Amino acid sequence: MDFDAIVIGGGHAGIEAAMALSRLQFRTLFITQSLDAIGRLSCNPAVGGLAKGNLVREIDALGGEMAHLIDKTMIQFRMLNKSKGPAVQAPRAQADKQQYSLLAKHTLESQKHLHLFQDTVTELLTNTTGTAATGVKTERGKKFCAKVVVVTTGTFMEGTIFIGPYSASSGRLGEPAAVGLGTHLRNLGFDVGRLKTGTPARVLRQSIDFNQTEEQAGDIVQLPFSFDYDAIDRPKVSCWITYTTANTHRIIRENISSSPLYSGKITGVGPRYCPSIEDKVMRFPDRERHQIFIEPEGLSTEEMYLNGISSSLPEEVQEQFLRSVPGLENIIITRPGYAVEYDYLNPVQLYPSLESKRLQNLFFAGQTNGTSGYEEAAAQGLMAGINASRKLMKKEPLVLSRTEAYIGVLIDDLVTLGTTEPYRLFTSRAEHRLSLRHDTAEMRLFEKAQDIGLKSKEAITRFQEKKQKIEEITELLQKRKVTRQDSERSQILEKHIGKQLAIVLRDPEITMETIAEIENSIAAVHPTLQKQIELDIKYEGYIKKQDEETQRVQRLERLSIPQEFDYDGIDGMSAESREKLKKILPVSVGQAARISGVRNSDISLIILYLTKKNKKT
Amino acid sequence: MKEAHISLHDPIAALATPLGTSALAVIRISGDTCIEKLDSLFVSKAKLSASLPNSIIHGIIYNPDTKEQIDEVMVAVFRRPKSYTGEDAAEISCHGSIACVAKILEILRSAGFRDAGPGEFTLRAFTNGKMDLTQAEAVNEIIHAQSDKARLLAFHRLSGKLSRAINTLKMKLVDILATIEIMIDYPDEEYEHQHIAIETLTDIEKRLSALADTFRIGKTFQEGAIMAIAGKTNAGKSTLFNLLVKEERSIVSEYHGTTRDFIEEKIAIGGIPIRLYDTAGFRTGTDKELHPVESEGIRRSENLISSADIILYLVDASEGMTPDDNLYLESHRDNPRIIPVWNKTDIQKSSAPDCFISMSCETQEGLHEIEKTVSTVLLGNTKDISETVMIDSQRQKEIIDAAFAAVAQAKKQLKAHASYDLIAFDIREAVNHLGMLTGEVTTSDILNTMFDNFCVGK
């Protein structure tokens, strides 16, 4: 055997999968088409955002790499939704694209047990019975064998880009597609479909008149994504905002037939939550203007990214409509916007471990599974890497539930419901989002990563100290009561005299800052940790309300369904349910109950059969 | 996301015998900790949880909060798996009055029991392997009813009008939710600060509360009402009684105090089943000695009148208002259950005082108006019952009450400028509750609304 594991693809999913496997000391081969294109931010130059920021922090808590990469390359930091409630706040950072990519490459190169290799995979090797993956074959005819294979090919599998009448076989502008693998997977019997996404033009900074735009600066205090750091200090640059005009919309409407989206050239479904400017104009004709964010691509380049205005119109039309936007009248386009259509694997063909049902030892992660977004890709890459290693160790996979992590929501949605458009995570997809705050990711997930072996000694010590601190403070808050002297120091406490601090904190007007004024041992605690404890207390009531529901969900989650479960052998099950269950092969009754179109009576039947079986054994 | 609505172990309770007046009624309970939960409402020599399986314990059900004793009962205790459902279960034999059964069910609910859906005990028996597969097919229908209820709450049970009404409210809430979710998930965009109209929530709140009220109407039709005819002696109560009953049921004479005990008859007004009582007339006069039987009759009549849903208070027009009449009507001035009737207008042509219905038993003038007023008092100001959207089950009422509470909470939070994550939580809860009636709202429904209504995406 050449390697323990092979990871195909050098994007955000591939990085995490390869790092997890090699950190666990599995000899891992990392194959990508271009070693100079590792960890590219193909679209917007930013990491994080709503739900996505939570993902990055969860990845970090689980021993992944993305938080470190963005912490060391950010050029602007913002905590979003400061006014809309702590449970839905999330960190977002502008990244220096080149630095990010270089750092990713260097991180991989420095990693023990990891071998980087530049080539294009065209085929998977399987065992003689065709039931398990055993390696890969490349464009240059090389064969590599491994016990597990992780596929993270992003938009490159049979990728085609479109700019007006122009189209070419590419995964990104200027980079050739990975031709062959998608077709090969189809031949192996996988359900492979087409999706579409797009990106806006990049323009030259000097050609923008910033006087006509609004400045959007970052936060003064930059906070790290990674729980490994207490603070960070990075350069702070601004973004800028401008708007389309009626003229912009007229130009787009007049040229709509030359957009491959409207001429029928593109058949793949695009993301509704991130529509092209053509879609925005055509679907919302009443809107007078659309917002455009002008974001720097990095510190060492003059290229700027025009967020919110992705397009696949012909280049001259792109230039024409951009020049109708205030501040962009003399714009110089360095790279045009384009649409890309690519193969994706219907993710219901995967177990919640991200292993394929059709071929054992074969894992899929990232945009290949129909998602969009760097963070969604990285999260899957990490989980695929972890579970490939679990497989190598012959251990149970790590499957996170919807109640404990956004990653759980993401993967459960994918493997249970599948997707027909590029899938993006939203906080509203998480039923238990009040318990999934970004600042609690470490408390929720660290120990899982520790058990797996992805945490260093130093990190474990650090975590345990933090955890102990939280326990101490929580205990103190429960014991310590407000005294008259306290209220003399802080008047707002007067109505709370005699009450425990933990109860006092439930008052929306009281924050930990007030408490810190009267209690020195709390003032000594890091502000981030203070805030975390405060929020835990403030949300306690709501969380409890959720708990009953959570327990009910988890009871069904724990009822596991064996993979060889014979759905045909159940009398009285509806044909529709049977067909869906056989396709998705849920691992638990909980997952089965979430499949759309499966009747609850059929769920009861499954429970009946499962309990009968248990009784016999 | 779609939630699993099936819950297969939580404690449930339901009346196992038909609702009505009988010597005994049996309430069945089942589920995790159901026996321990019942213990907290039960006084007896032996604890139920310490008793042997299949034993019967005598004791008293009481309200642990008020210490009020509710009924003397026998409880049959079953332990899993040897019970009908295969879970811990019990059967409470209590006295068979509707009021008593209702009280026990209510106290069970407050102790953490949920009303069982139709067939739910059977469903549990089935899923716990208490029935073999040959029985399964027969049970399947019940399970289907159950699952439809859990998922779509049996569309066939919901009238089209009701499901439309609830859907409309649900979609209004989904719109609000989508607006909040857009603000949360797209913080930098132009929709960052949307206005959430408190009036919309108030309107939804009102409609939900009106809908919940219709349960009373439904119940009135099902269970009927008690109506008493009251008034001074010889005001013509028995004549009116006979007129309403449409037969000579009550003895009529010109003598005061002819009716000494109350007389009961079943009638229907506007489709509402009514138990009509003719009562002994009030007579406080000290001039004559009251017969002891008559004074006992008056006492019993007074009890009855105080518990009646509706009272026709008759005043003899030929005598006019007496001090007794004045006293009675004055002390019940704001009681909508009392309908004052100005009787014997055929003898005395004086016009009736305000708020009185003029009535002549001789010419039957005023009878129609009495009937109309009775049904208005019982049903509220619903113009035409056939046009009103009504709920008809306790479960529907509970769901609507829960949705109402969630909307009220959201409104309170909005007024208090609470953060959107909390307001969204409450609205989501309201949506989920209504979803239990007309089909659940999934995340993709909410996302659809978001992206149909708002143009976002950077």
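**Helix pair.** I began with helices α2 (residues 52-61) and α3 (residues 66-73) of chain A; their axes come within 7 Å of each other and cross at roughly 115°. I keep in mind that this is a predicted model. I then listed the residues that meet. From α2(A) I noted V56(A), I59(A) and D60(A); from α3(A), M66(A), A67(A) and H68(A). By class, the residues of this contact are four nonpolar, one polar and one charged.

**Open sheet.** Next I traced a sheet of four strands in chain A. The order reads β11-β10-β21-β14, the sheet is open, and the pairing is antiparallel. Which strands stand at the edges? I found β11 (166-168) and β14 (192-199) of chain A there. Each has a single partner strand, so one side of each is left without a neighbour in the sheet. Direction ignored, neighbouring strands are turned by 20° against each other on average. I looked up one pairing in detail. Strand β10 (residues 160-163) of chain A joins β11(A) through three bridges, in the antiparallel sense. I163(A) has Y166(A) of β11(A) as its bridge partner.

**E297(A).** I moved on to the loop between β18 (291-296) and β19 (303-307) of chain A, where E297(A) is found. Is E297(A) buried or exposed? I read 8% relative accessibility, so E297(A) counts as buried, the cut-off being under 20%. I checked its side chain for polar contacts. One goes to the side chain of K97(A), at 2.7 Å. Another goes to the side chain of R202(A), at 3.4 Å. Leaving out residues up to four places away in sequence, I see E297(A) touching C43(A), P45(A), A95(A) and D96(A), among others. The list also includes E303(A), M304(A) and Y305(A).

Terms used. Residues are numbered from 1 along each chain as its sequence is written. Chains are lettered from A and ligands numbered from 1 in the order in which they are written. This is a predicted model: local features need pLDDT of at least 70, side-chain atom pairs count only at pLDDT 80 or more; totals for chains, interfaces and linings use all residues. Side-chain values use heavy atoms; hydrogens and water are left out. Two strands pair if DSSP finds at least two bridges between them. Helices (H or I, at least four residues) and strands (E, at least two) are DSSP runs, numbered from the N terminus. Axes are lines fitted to C-alpha atoms, for helices over the stretch in contact, and angles run from 0 to 180 degrees between N-to-C directions. Contact means heavy atoms within 4.5 Å. Ala, Val, Leu, Ile, Met, Phe, Trp, Tyr, Cys and Pro count as nonpolar, Asp, Glu, Lys and Arg as charged, and the others, Gly among them, as polar. Buried means under 20% relative accessible area, exposed over 50%, partly exposed in between (1.4 Å probe, protein chains only). A polar contact is a pair of N or O atoms within 3.5 Å; within protein, one must be able to donate a hydrogen and the other to accept it, and residues adjacent in sequence count only if both atoms are side-chain atoms.
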